[in-house]
Protein chains: 2
Amino acid sequence: MSLIVLGTVALDTVRTPFGFRRRMLGGSAAHFSMAARLFTKVNLVAIIGRDFPQEYINFLDKKGIILTSLIRAEGATFKWSGEYKRDLNAALTLSTELGVLSAFKPKISEDQKRIKHIFLANVDPDIQRHLLAHMRTPELVALDSMNYWIKHKRQSLLRLLKEVDIYVANDQEARDLSGEANLIKAAQYLYSRGPEMVLIKKGEHGVLLYCSKFIFSIPAYPTDKVVDPTGAGDTFAGGFMGYLAKVKKINQVNLKKAVAYGTVAASFNVEAFGLQRTSRLKLKDLERRLSRFRKCILF
Amino acid sequence: MSLIVLGTVALDTVRTPFGFRRRMLGGSAAHFSMAARLFTKVNLVAIIGRDFPQEYINFLDKKGIILTSLIRAEGATFKWSGEYKRDLNAALTLSTELGVLSAFKPKISEDQKRIKHIFLANVDPDIQRHLLAHMRTPELVALDSMNYWIKHKRQSLLRLLKEVDIYVANDQEARDLSGEANLIKAAQYLYSRGPEMVLIKKGEHGVLLYCSKFIFSIPAYPTDKVVDPTGAGDTFAGGFMGYLAKVKKINQVNLKKAVAYGTVAASFNVEAFGLQRTSRLKLKDLERRLSRFRKCILF
C-alpha cells in the first residue's frame, strides 16, 4: 500500500478571473500527491532548484508525502506561468522556465524500487523510461504526458506505451497522438499501441476509461465553483491511482470507483488556487461528495 | 398520452467524411418525431412548400406521425445545407433557405389544442408563442431555440422562458443567452428567468438537467459510429419528451430516465444519414442500449 510518483514540483504563477497568485507550490507531482495521500503513502520523485522555498518542502512533509527522492540541484526551479480568461476550461501559458528540470535524472532508494504502483506524470518520456527501468516489481504503471512530448518525442512516447498498463491523456492529447477526432476511436488506437487501459480526461466534461472488457464514462462533478483549474488532471490521477494502491485488486468495480474518486478529488482542486483546497481535504470530504455525485448520474 | 411538436420539416443537404446526401427529409420536428413516436402519438406542426416530395409525407405518415397540421404552402420548403469535417461535432452551415418558413402561422385542430405535452422546437420565438397561446391545457411545455434567435429576438425569447416548464439549449446557446461560461452558472441564470428546469445538451459530452431540487448529468452514449450528427439534439428531445408523455408523472425518477432515453435515442441518430437509422428504430432497441449505457456509467 504505497505509491511512487515521478513528475514536477514547480512554482506556478496563475491569473484567473478570481485573482492572481505568484510562485505558488505547484507541478504535476505535487497536485497528484495531495490527492493520492488520502489513500496511501506517496513517494514523490522530482527535482527542485536552489530558489525553492523551504516552507513548501515543510508543507509537503507535513502532509505526509515522502520526500527522500525530491532532489535539490544547482539552478532554478521549474516555473510555469499561465492565465485563464472567462472560460476557465482553457489555460493560456504565458511562460515556462524548465530550469533544473532539463537535466533531471531521477534517483530512488532500494526500498522505493520495490513499490508496485507507479505513476509517471508528465515529464520527458526518456526520464519516465529511466525511472521505470529501475522499478523491480511493477504491478500497475500509469503514464501521463503532454502535447510537447507528443510533438517532439512521439516515437519515444509510443515505445513507452508498450511498457505501461494505463495511458492517461486529456482529450486533445488523445486526439493528437491517435490522429482520430472521435474519442472512442482515439482510445481504440491508443489501446492498440500497448497499454491495457486508456483513460481520457475531458476537463469539465468528465472522464472516459477504455479497455478491452468495458467502457466507462462519467461526467465531471457538476460545480459552479471554479477558481483555478491548474492541476485538476493531476489531482484526478492522484485520486485514481491512490484508490487503486489502497484496494490493490485491479478489477472492473475498483477501476470504476477509482475513476469516480479521481473525479471528485479534481472537483475540490478547482475550487481554490493551487493546492489550497486539496491540502485541507480529508477522505470523508471525498466520500461525502462521491455519494452526492452518484445521485447526480444515477437513473 | 399524446404530444404536439412545433418545428421545421426541411430538406437537408449534408456532407460528412462518410458521404454526401442531397435533400434528405430533415428538420427539427421530423427528427424529434422519429424518436418520440416510440413512446406516444406525435402530432407534428410544421410548414412545407410545393417542392416537398410526396414520398416524404407518405414516409412520415407510415411512421404513425399525425400530419393534420403539416401545412403545405406556396413557395419553397425550408432548406439547410451543411458540412461536417473530420471533427463531426461541429457543423459548418453552407446555406439556409427559409422559404415558406418565413410566413409560417401554425394552425392546429380543436383536439390538438387539448394536448398536454408540448415541444416548441427551434423556430421564431414569436411563432412558438403563437402556438402556445392556443394550447388550452398545457401540462408540460419544453422550448428549444438557436443562436440566431438569441441574437435577433433575445427579448422575445426571454419573455417566452417565463411561460415554459423546460428550456432546452445546447451548451453554446446556454452560454450565449446567460453570458456565463460555467455551465452550472449558465443553467442557474436561465432557471432564474422562469422555467422550472433547464436542459443543456453538450453533444458528444452528454446532457445536464438543472432544476431547484437536483442536478442530473450524464455523458453521451460512448460510440465510435458517428456518420451524420444532424438532428441529434432534436432526436434527444424526442426521446426525452416522448418518454415523459408516456409516463405522464413528472418526478425526479422519470425525468432522469427521460434524459437517459433521449441520450440513447440520439446515439442511434448519429449512426446514419438523416432519419435512416431512427426511422427503423424499435422501442426494444432503445431499451437494450439503455441497459448497456447504464453499465457504462455505474460505479
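Confidence in this predicted model can be read chain by chain: chain A averages a pLDDT of 96, and 100% of its residues score at least 70.

A rotation of 180°, with 0.0 Å of shift along its axis, brings chain B onto chain A with an RMSD of 0.0 Å. This is the relation of a two-fold axis. The contact between the chains draws 28 residues from chain B and 27 residues from chain A. On the chain B side, at least two residues each come from helix H7 (183–192), strand S13 (215–218), helix H9 (252–269) and helix H10 (283–297). By class, the residues of chain B that touch chain A comprise 15 nonpolar, 6 polar and 7 charged. Of the interface residues of chain B, 96% are also interface residues in chain A, so the copies meet through the same surface.

From H9(B), the packing contact involves Ala260(B), Tyr261(B), Thr263(B), Val264(B), Ala265(B), Ser267(B) and Phe268(B). Facing them from H10(B) are Asp285(B), Leu286(B), Arg289(B), Leu290(B) and Phe293(B). Sorted by class, this helix–helix contact has 8 nonpolar, 2 polar and 2 charged residues.

Note on methods. Residues are numbered from 1 along each chain as its sequence is written. Chains are lettered from A and ligands numbered from 1 in the order in which they are written. This is a predicted model: local features need pLDDT of at least 70, side-chain atom pairs count only at pLDDT 80 or more; totals for chains, interfaces and linings use all residues. Copies are superposed by least squares on the C-alpha atoms of residues with pLDDT of at least 70 in both. Two residues are in contact if their C-beta atoms, placed from the backbone, lie within 7 Å. pLDDT is the predictor's confidence in each residue, from 0 to 100. Helices (H or I, at least four residues) and strands (E, at least two) are DSSP runs, numbered from the N terminus. Ala, Val, Leu, Ile, Met, Phe, Trp, Tyr, Cys and Pro count as nonpolar, Asp, Glu, Lys and Arg as charged, and the others, Gly among them, as polar.
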